[in-house]
Amino acid sequence: MGASGGSDEFVPPRLSRLLHALPHINVTLHRVNDTFAPNSPIYLESLGILGSIPGAWLILTLTVLLIYLLTRCCDRKQRPPKSITALKITLMILSVLCCGAIGVGLFGNDDLHNAMLQSIQAGNQLAALVNTVKNQSSILEEAMGSRARAPLARLADALDAPVANQTALGTLLRALSALRNNASAAASAADNLRRPLAALNLDAFMKRLWIWEAARWAGGMAGWCCGGAVCVALLAAAARRSRRALLLLCVCALGALVACWAASAALVAGSVAAADACQDPARAIALYAPHRLPLDMVHYYLSCKVSRENVLTAELRNAQRAVVAVRQALAVLSRGAPQLFNDPGLQPALGALGAGTGEAERALVSLSSALECRMARAYFVTAARAACDAGLQALSLQLLAAVVAGFLFTAIVLVDSHAWIYINTKRAPGGEEQAPFLAGAACGGAGAPGAGRTLPRPAPFPNGKPPSYSAAVQLMDLGERERERPRSRVSGSATLGRNSGGALGGALGGALGGAHTLGRAPHNGKYATLSKQCKTLESNDFY
């Protein structure tokens, strides 16, 4: 694009050219025009197809996760402790990497906010320039229009008095007519300057843009912070190996996964659209911004091309010529009228017209500076550079962070669900989760002191009821008598004789209805002996 100065030169950044080069295709997979055209359904369709790529990946990811959970959720196979430790370490590493990706997204969101604030600031300067044109045009119109009517009327009344020098009077009358006509022309030119800009309210637009940007920044910060909170909570849950917390955070990670890929879809479409607009931002604003201005006027001030004259510049020149003519006619009247007429209202009228003309000349100086295309072009280039360079980089950085976070959350959901399925836990009576208890070798193996005195779990009582108190006392007495008798084996194996078995069995039969007896065992008349290795009684325990 052409520019009047080197500092006003705008070149699309490399990143915008790279994103603009992405293929724009329709539903039939044919390439379409990649020129920025938000009002074109075909162009919007191409952006939607680009944004549907992360959406398709999200659907595929959810399908894979569903299949995995359906096939593995019922697997209760025991896993060695090392595999669980590996899951914990993997989950912690993924959580740390996810926190890093979220941090990059936060940085990109803040960087985009700063770039948008720079663009809004340049837009406010452009709005101040438009306000200057409006205000100075109103001042010029008032000075040459409404405020000049009364002095012109008094001056015309003064010149109606009879005088002897008709030649001088004719000169004054022609000067008065030129003054009136040129003042009206200047007021009309001022109105033509102000009228096209009357509907343009850049101040309100910039205020709304600032509110939208503040809401976008706050929403982005909230979203990224929620994702970071999920990552930190997953890290803490992995360190504690809490099954219940892992289940809850797995659901949260699944929601964060969906949010990341949905945000990626929106960011892809937004980045490509911004890159397309940044190829020619002046054209994009001229055609699609809500300004209601003539297109040639917008092109003139944003591109500063001098191939054709601007409408406002032509009106400014008309106003300048008219005011110069007013000043010349006023000079003629100021020299000749006081010499011919002694009207006391003549000097105040000439003074008022002189003051109005001076104010009009100062307004024209301000208008000449404000309507210069180089100043508007400089503000526009500043805004375009901030949005298309730093802003597009920050938007792409958020896109990259969202994609990486989406992949990391996918891996986290897989590892988290895997850990939730395969971590073996026992529940205490109070409902608390405990780590699996790794018992020693059964029946007192080597190196397990005290294991030989472990008794097996007692069998249930008959009819689900414990023995009565009297039966328990009787059994205790029988036990004392049995311990007082000499043992048949000194090796430590527990034996029960025939007689004692009969007595004890009779007592048990009386107390328990004969269901639990330790009498004669079906071993061909031999004593029932327990394993020498275990050194425990395999009879039922009674409490």
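Student: In which helix does G255 lie, and does G255 count as buried, partly exposed or exposed?
Tutor: In this predicted model, G255 belongs to helix α7, which covers residues 243-278.

Student: How far apart in space are the C-alpha atoms of G255 and G227?
Tutor: Along the sequence, G255 and G227 are separated by 28 residues. In space, the C-alpha to C-alpha distance between G255 and G227 is 9.4 Å.

Student: How are α4 and α5 oriented to each other, roughly parallel or roughly antiparallel?
Tutor: The axes of α4 and α5 come within 11 Å, and their crossing angle is roughly 165°. Because angles over 145 degrees fall in that class, the relation of α4 to α5 is roughly antiparallel.

Student: Is the crossing of α4 and α5 left-handed or right-handed, and which residues of α4 make the contact?
Tutor: Where α4 passes α5, the crossing is left-handed. On the α5 side, the contact is made by L169, L172, L173, L176, L179 and R180. By class, the contact of α4 with α5 has nine nonpolar residues, no polar residues and one charged residue. The residues that α4 brings to the contact are L152, L155, A156 and L159.

Student: At what angle do α8 and α9 pack, and what orientation follows from it?
Tutor: Helix α8 spans residues 281-288 and helix α9 spans residues 295-303, with their axes 9 Å apart. The angle at which α8 and α9 pack is about 155°. The two helices, α8 and α9, are therefore roughly antiparallel.

Student: How do the residues in the contact of α8 with α9 divide by class?
Tutor: Helix α8 passes α9 in a right-handed crossing. The contact is formed by A282, R283, I285, A286 and L287 from α8, together with L295, V298, H299 and L302 from α9. Sorted by class, these residues of the contact of α8 with α9 are seven nonpolar, one polar and one charged.

Student: How many residues does the largest nonpolar core have, and which element gives the largest share of this core?
Tutor: The largest nonpolar core has 65 residues, and those with the most contacts inside it are L140, M144, L155, L179, Y301 and L333. Elements that give two or more residues to this core include α3, α4, α8, α9 and α10. The largest share, 12 residues, comes from α5.

Student: Which residues is L140 in contact with, leaving aside its neighbours within four places in sequence?
Tutor: L140 is among the residues with the most contacts inside the largest nonpolar core. With neighbours within four places in sequence set aside, the contacts of L140 are A186, A190, A319, V323, A360, A363, L364 and L367.

Student: Does Q136 count as buried or exposed, and which residues does Q136 touch?
Tutor: Q136 is placed in helix α3, residues 81-144. Because its relative accessibility is 17%, Q136 counts as buried. Not counting residues up to four places away in sequence, Q136 touches A363, S366 and L367.

Student: Where is L29 placed, and what is its phi?
Tutor: L29 sits in the loop between α1 and α2. At 66% relative accessibility, L29 counts as exposed. The phi of L29, a positive value in a residue other than glycine, is near 65°.

Methods: Residues are numbered from 1 along each chain as its sequence is written. This is a predicted model: local features need pLDDT of at least 70, side-chain atom pairs count only at pLDDT 80 or more; totals for chains, interfaces and linings use all residues. Side-chain values use heavy atoms; hydrogens and water are left out. Helices (H or I, at least four residues) and strands (E, at least two) are DSSP runs, numbered from the N terminus. Buried means under 20% relative accessible area, exposed over 50%, partly exposed in between (1.4 Å probe, protein chains only). Contact means heavy atoms within 4.5 Å. Axes are lines fitted to C-alpha atoms, for helices over the stretch in contact, and angles run from 0 to 180 degrees between N-to-C directions. Angles under 35 degrees count as roughly parallel, over 145 as roughly antiparallel, 65 to 115 as roughly perpendicular and the rest as oblique. A crossing is left-handed if the near helix is turned anticlockwise from the far one by less than a right angle, and right-handed if clockwise. Ala, Val, Leu, Ile, Met, Phe, Trp, Tyr, Cys and Pro count as nonpolar, Asp, Glu, Lys and Arg as charged, and the others, Gly among them, as polar. A nonpolar core is a set of buried Ala, Val, Leu, Ile, Met, Phe, Trp, Tyr and Cys residues joined through side-chain atoms within 4.5 Å.
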